[in-house]
Amino acid sequence: MTAISMKDLRKSYGSLEVIHGIDIDVGSGEFVALVGPSGCGKSTLLRMISGLEPISAGQMSFDDQRVNDLSPAQRQIAMVFQSYALYPHMSVRKNLSFGLENLRMDRAEINRRVDAAAKMLAIDGYLDRRPKALSGGQRQRVAIGRAIVRQPRVFLFDEPLSNLDAKLRVQTRSEITKLHKQLKTTMIYVTHDQVEAMTMAQKIVVLNKGKVEQIGRPLDLFERPANLFVAGFIGSPRMNLYPGKVASTGSDGVTLDSAYLGRFLVPGTGIDVQSGDDVIIGLRPSHLKLGPATPGAGGGTMTVEQVESMGHETFVYGRTGQSDELTIVHVPGHFEAETGSSLDFTFNPAFAHLFSSVDGRSLKGARM
Amino acid sequence: MSAPTSVAPVVVARGERIGDGLDAVMRIVEVPMATVQRLLGHARMPYVFILPNMLLFTVFVFVPVGLAIAYAFTGGTNLLIWDRPFVGLENFKALLDCGSYLEPSTCRYNLFWTAVHNTWWYTLLNTLGTLFFALVTALVLNRLTRGRGFFRAVFFYPVLLSPVVVGLIWQWFLAREGLLNGFLTDWFDTRIIFLLEVGWSRAWVVYVSIWFHMGFFMLIILAGLQAIPRDIYEAAEIDGTSQWRQFWCLTLPLLLPNLLVVTVLLLIRSVQVFDEAWVLTNGGGPGTANTFIVQFIYQTAFSPDLRLYGLASAASVLMGIALLVLTLSQLWLAKKAEV
Amino acid sequence: MIAFLTRTRHAGRFDLTDWLAWGWAILGTLVVAIPIAWAVISSLKTEAEINSFPPALVPRAAQTITVDGQAKPLSMWVRTMPDGSEQTVALLRRIGLSATVLDPSKPEETFRVPVAELRQLKEFHLQWSNYSEPMKQFNFLRYLWNTVFVTVVATVLTLLLNSMAAFALSKYRFAGRNAMFALILSTMMIPLSVIMVPAFMVIVGLNLADNLWGVILSTVSTPTGVFLLRQYMLTIPDDLIEAARVDAASEFRIYWRIVLPLCAPALAVLAIFSVIWRWNDFLWPLIVLSSPENYTLQIGLSSLQGQFNVQWHYILAMTVVTLLPVTVVFLFLQKYITEGVASSGVK
Ligand SMILES: Nc1ncnc2c1ncn2[C@@H]1O[C@H](COP(=O)(O)OP(=O)(O)OP(=O)(O)O)[C@@H](O)[C@H]1O
Ligand SMILES: [Mg+2]
């Protein structure tokens, strides 16, 4: 159990800086997910934590001990690679024991740990096989097993599920969560799949272009995104965004004017706007309802372009006015609509998110 | 577990036991290496890994290259460079001192110029001959639908023999009592002491070289031929292109880069002819008919009554320059061939 | 007629060009095989047979017979009598154009006959002593041992040192990496023949002249080996090495337990080549080694040939001994060798 703290971490390749000063605190035993679009620096950051990538500037500490210059072995971390990186010329048993042999551990202890890990992951049936003779899911578990036997201070995962098919991914997801509950070791998990992050992690760090956009509990990120980037990244399908203008501010909330949604009052205090400001209004698809606008609530009309029904839920995509982006409405259950037909939608203004149209920052008192 | 994989664990386990066994041996090296890593840090380990190699290259290649140039400007018969007097360009002047370069007997070191002439003719004939036989053989093998692997192996086999073995086998074949003379006696009632006649011996030296090395170049050309996509020919076939035109307009142009590289490689090798010719002709005979540049260098430097290291080095340097030109042109051609 | 110049043809038709192709291939096979076969056959002939002309196509030896009253076995001859009938006789001695012979069935009676009436009887015979004698008489066992020593040690060192260098060049980023790689490759351009004089001086300076280690050390680092292994190692995923690093393996252990085993195919190719190179080496051992007890097979063999009284029966037997290992290696690994050469242009 190890707490990790990163202070103003930076990473440069030559003159090219790819990590621009990152501060993250990971609590002892916490499961943290690093998410962000491709190329944002997730893997780089993870490798800096592991000790595989030298740190250009800043400080990394494990339990208040500075580890910047320690090797992965000295940091006592274990890592599961996206490619699994199983040693192809060694049997599964040898794959698991290799790291322990490197530490000159007692043979009996090695066997004990390997057998325990194998049993836990249900790979004890093929300890004598080579990785080549295993399925993708089995390899994945061997890779995790190789990390477990080391009893590391920190587990690092770099997109460990991206090579699995959808079904296996869901299953392994819950297995890793279970594992974390069992071992209670600090885990840092890199993924670009926000569903994985939302379902597994206790804390999510959203990265973009080498910077932290927001850190928070999964639901916080969903309900109170700190900025447009997080709002767009978390949640699937994405949030609907509309330009608007502040008509007036008052003690009971802010009245907004939108070409697409009409005029409505967003309740709440401490909304950081002035009358006349340009804002961006964000609404989750699940917060939109089909039907005519009730007085006091906002609403609009869209021309249906596409309907995606999953049976138990339906997404309706439609164009509102001259807007470039389609409005997405989530309808529970099965729903049918003609392409080209007109549908009214409405929403509860309390759920509306407000972002500055200047820098994308949330204006609704989100915690950052 | 299914049947095919059930054997695997045994093999795997055995492989790992071997690995562990070697591991025990390697602990002896590993412990000091781990210490080195602790002392130097892991970022400096690549230097440790590359050090032994670089050291040997330095001692046995880079230093000698420098020394070769230094030797070329010194005289006397001492081997150690610091005991040798500086003579400037004297060695080069001596080597190049010639009435007419076309007539070795007018030169101060006529043996050198004889060797140059011999090497020149050898290089020309050997390059053309090898190229021809290698190309035809490669084309033939490429065409065979059956037995290609067998014939490829047969033609390649001599490449792996040692020059001494090749020299002796052929010397015996061409000997006075040899098989060839046996046939000549049977059919023409005559015997020729091939290796004691200037013309014959030169021809046989070239022939034996071709016999010896042809397989190597054939293999390279064959690889080039097989890299030509089949469908090009199919397209030509559909267009009604004649076979002859297919060869001239498709095969040859597509093979040309490959052939150029082979040619330069051949030139580079030919200039350095020594081993098999030396053994075959008992040291470059008859007389000096088969004395080549490398033999000149070897004799000048190492025969007990000469020990003219400076002169030998000067000749080496001259040959080195010629080789460098050839090698650079090969690199250039190879680069062009890639594009 | 010209079709054979172009490409592989579909099976089924068999026309003139196919005949030409097969003719060329078979003729070529004979050209390759006959001189070698001739040397092998001759190596099993007796000294007398090897010097007799015209040569016999199979190894034979004179038939002999032990006759009562004669200390040595006598050679057997067929005598063609003037009337055309034949008689088997044993030759006692020969003076000028007449010979003293006896009839083996009546050993007491000797008689003189003209040499022209005699024809020697020979039988199939393999003279294995051609192989055993030089081993004792000319120290060939010693040469063989020296060669095996040089070949094995040099090959092991070549694999080890070249793979270490290749590991550094392929799996690390470090200052000077490209320069070092270029330097190593540039040594391909410097043949031994250009630097033999100073290289020998270095050997003398290191006190390795006339020493097998002088032959070994200078051949251990090969640019071809480094290049071959580096190219292969580039295909090993970096993830594996990082996984091992995370697994607390030292850099040397990563090299030894992860990279080397995964390079086995490339190492095998290099090992085959190294064995063949070192076994066949001639010029460099010729320069370095001077006393016969340090000779390698190749040097010993060529020195045997230089002797005044050329004993071809021994030379040929030792030639066969010398080419045998290479041949065996080739027989078993033919596919790897030809493919290795074709893909890398290494020889
Ligand atoms: N060795 C390197 N030299 C230069 N730039 C690099 C190097 N490695 C990574 N980068 C850059 O650093 C940035 C972050 O890369 P990183 O691999 O961390 O992305 P990522 O978030 O893991 O993306 P993905 O989701 O695609 O794996 C990228 O823009 C990449 O181009
Ligand atoms: Mg990544």
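Author: Happy to! Chain C has 14 helices and eight strands, where helices (H or I, at least four residues) and strands (E, at least two) are DSSP runs numbered from the N terminus. This is a predicted model, in which local features need pLDDT of at least 70 and side-chain atom pairs count only at pLDDT 80 or more, while totals for chains, interfaces and linings use all residues. Residues are numbered from 1 along each chain as its sequence is written, chains are lettered from A and ligands numbered from 1 in the order in which they are written, and side-chain values use heavy atoms, with hydrogens and water left out.

Reader: What does the C-alpha trace of chain C span along its principal axes?

Author: About 95 × 65 × 40 Å. The radius of gyration of chain C is 30 Å, whereas a compact globule of 347 residues would be near 20 Å. That radius is taken over C-alpha atoms, and the globule rule is 2.2 Å times the number of residues to the power 0.38.

Reader: Okay, next topic: how many residues of chain C are in contact with chain B?

Author: 106 residues of chain C, and they meet 115 residues of chain B. Contact means heavy atoms within 4.5 Å.

Reader: And how much area do chain C and chain B bury between them?

Author: About 10200 Å², with 76% of it on carbon and sulfur atoms. Buried area is the accessible area (1.4 Å probe) that two parts lose on being put together, summed over both.

Reader: How many salt bridges are there across the interface of chain C and chain B?

Author: The rule finds two. A salt bridge is a side-chain nitrogen of Lys or Arg within 4 Å of a carboxyl oxygen of Asp or Glu. One joins the side chains of C:D18 and B:R143, at 2.8 Å from N to O. Helix 1 (residues 16–42) of chain C brings 17 residues, the largest share of the side of chain C that touches chain B.

Reader: What about chain A: how many of its residues are in contact with chain C?

Author: 24 residues of chain A, touching 15 residues of chain C. The two chains bury about 1700 Å² between them, 62% of it on carbon and sulfur atoms.

Reader: Which residues in chain C lose the most area to chain A?

Author: C:E242, C:V246 and C:D247, together 36% of what that side buries. C:D247 also forms a salt bridge with A:R150, where the closest N and O atoms are 3.4 Å apart.

Reader: Which helix of chain C gives the most to the side that touches chain A?

Author: Helix 9, with seven residues.
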